[in-house]
Amino acid sequence: MKLDNRIKELIAVGASVSANCQPCLQYHASEARKSGADGQDIMEAIDVGKTVRRGAAAKMDKFVASLTPPTAPANDSASEGCG
């Protein structure tokens, strides 16, 4: 089976969401529309990407927890990071 451009762009929409790439999502959602996808198609692809992202984040959180012993959070400003 050969994938048409509409399906490829919908896959890219989902991948963009799972990669947390806003410029990618904007580009691929636009390209998906040009390839014949409607709003419902794009929202379904976004939902798939969100599901993949949540699953990957949950697995990573479990993995990180297995590597590090629990500690109390630091209260200094150097620990604020990018959050």
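Colleague: Which residue caps the N-terminal end of α1?

Modeller: A polar contact is a pair of N or O atoms within 3.5 Å; within protein, one must be able to donate a hydrogen and the other to accept it, and residues adjacent in sequence count only if both atoms are side-chain atoms. Here D4 caps α1, with a side-chain oxygen 3.2 Å from the backbone nitrogen of R6. This is a predicted model, in which local features need pLDDT of at least 70 and side-chain atom pairs count only at pLDDT 80 or more, while totals for chains, interfaces and linings use all residues. Residues are numbered from 1 along each chain as its sequence is written, and side-chain values use heavy atoms, with hydrogens and water left out.

Colleague: What span should α1 have?

Modeller: Helices are DSSP runs (H or I, at least four residues), numbered from the N terminus. The expected span is 1.5 Å times one less than the number of residues. For the 14 residues of α1 this gives 20 Å, and the end C-alpha atoms are 20 Å apart, which agrees.

Colleague: Which residues of α1 are buried?

Modeller: Buried means under 20% relative accessible area, with a 1.4 Å probe and protein chains only. In α1 these residues are E9, L10, A12, V13, G14, S16 and V17. Their cover includes α2 and α3, where contact means heavy atoms within 4.5 Å.

Colleague: Which side chain of opposite charge is nearest to E9?

Modeller: A salt bridge is a side-chain nitrogen of Lys or Arg within 4 Å of a carboxyl oxygen of Asp or Glu. Buried E9 has none, as K8 is the nearest such side chain, 8.5 Å away.

Technical notes
Buried means under 20% relative accessible area, exposed over 50%, partly exposed in between (1.4 Å probe, protein chains only). Lys and Arg count as positive and Asp and Glu as negative; His and the chain ends are not counted. Helices (H or I, at least four residues) and strands (E, at least two) are DSSP runs, numbered from the N terminus.
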